[in-house]
Amino acid sequence: MSTVTEIQSLIHDLIDTSSSDFPVARMVRGMNKAQDKIVNIILQKESLGQYDDTNYTDLAEGYLNIVSGQEDYSLKEDENFADLLTVHKVYVLGSATATEYVEIEKKGKFKTAGTGIPTAFRLNGKTLIFDIEPNYSSTNGIYVQFSRIPKPILTSDTTRELGMPVTYHHLVALYTAYDFARAKRMDNANDILAEILREEVSLGLHIGKQDFNANLVISPETVDSI
């Protein structure tokens, strides 16, 4: 695995700089921009909802209480949703005494009608809305699986490893080096860009192969950003 310090050294190597002409604070800003861009690419390509930054100590999932007579639920209520980017799946308990979660369908637009057990949901910003208003209350009755932002890189980070697959750490270095080379009008900016394009193709192919039971040429499902 590549540590933050090792990636920073690679960036200096790519554009022949040092901390005096490419300060750590500026480099870290560029690395965070690069990390965000790569995660966006992963989420666009990865249709299974499996990716998560390995630096998180908890799982990319959370719970909300079902409240009788309430059709909409803020995803800000649970601290685990603080860094949420996309919602992949939602499950509900079908009654106050149920113990088995049932997945409900994601839909684009509908108007909540009737009362009973929700069968579908939609998103409006960071609000989850059911198609049917629950007529029962249930503690932790809503179970949500999601993707979240990558853990930000800090100027104080040295031995920490990035939470994405190690094969893409090189791409973080390339993006960061390219932004600096372009800003400084360096002669090798186009060479770095050419390597970036090759790495992006490799990234897409790798994500497509995560589902070993699927055809390698897949059409990813639409991901609703919130």
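A contact is taken here as a pair of residues with heavy atoms within 4.5 Å. In the predicted model, 67% of the contacts between residues at least 6 apart in sequence join residues at least 24 apart. The protein has four helices and nine strands, and their order from the N terminus is α-α-β-β-β-β-β-β-β-β-β-α-α. Of its 226 residues, 41% count as buried.

In soluble globular proteins, nonpolar side chains tend to be buried together. The largest nonpolar core has 31 residues, and those with the most contacts inside it are Ile-11, Ile-15, Met-31, Val-172 and Ile-192. At least two residues of this core are supplied by each of helix 1 (4–15), helix 2 (24–45), helix 3 (169–183) and helix 4 (189–208).

The largest share, three residues, comes from strand 9. By class, the lining of the largest pocket is made up of five nonpolar, five polar and three charged residues.

Thr-86 is placed in strand 3 (residues 84–93). Thr-86 counts as buried because its relative accessibility is 2%, under the 20% limit for that class. The C-alpha atoms of Thr-86 and Arg-148 are 6.8 Å apart in space, although the two residues are 62 residues apart in sequence. Thr-112, in turn, is found in the loop between strand 4 (101–106) and strand 5 (115–116). With a relative accessibility of 18%, Thr-112 therefore also counts as buried. A polar atom of the Thr-112 side chain lies 2.6 Å from the backbone oxygen of Phe-130. Not counting residues up to four places away in sequence, Thr-112 touches Glu-71, Ile-129, Phe-130, Asp-131, Ile-132 and Glu-133.

Positive phi values in residues other than glycine were noted at Asn-140 and Arg-185. For Asn-140, phi is near 55°. This residue lies in strand 9, the element that gives the largest share of the pocket lining. The relative accessible area of Asn-140 is 36%, so the residue is classed as partly exposed. For Arg-185, phi is likewise near 55°. Arg-185 is situated in the loop between helix 3 and helix 4. Its relative accessibility is 75%, and Arg-185 therefore counts as exposed, the limit for that class being over 50%.

Notes: Residues are numbered from 1 along each chain as its sequence is written. This is a predicted model: local features need pLDDT of at least 70, side-chain atom pairs count only at pLDDT 80 or more; totals for chains, interfaces and linings use all residues. Side-chain values use heavy atoms; hydrogens and water are left out. Buried means under 20% relative accessible area, exposed over 50%, partly exposed in between (1.4 Å probe, protein chains only). A nonpolar core is a set of buried Ala, Val, Leu, Ile, Met, Phe, Trp, Tyr and Cys residues joined through side-chain atoms within 4.5 Å. Ala, Val, Leu, Ile, Met, Phe, Trp, Tyr, Cys and Pro count as nonpolar, Asp, Glu, Lys and Arg as charged, and the others, Gly among them, as polar. A polar contact is a pair of N or O atoms within 3.5 Å; within protein, one must be able to donate a hydrogen and the other to accept it, and residues adjacent in sequence count only if both atoms are side-chain atoms.
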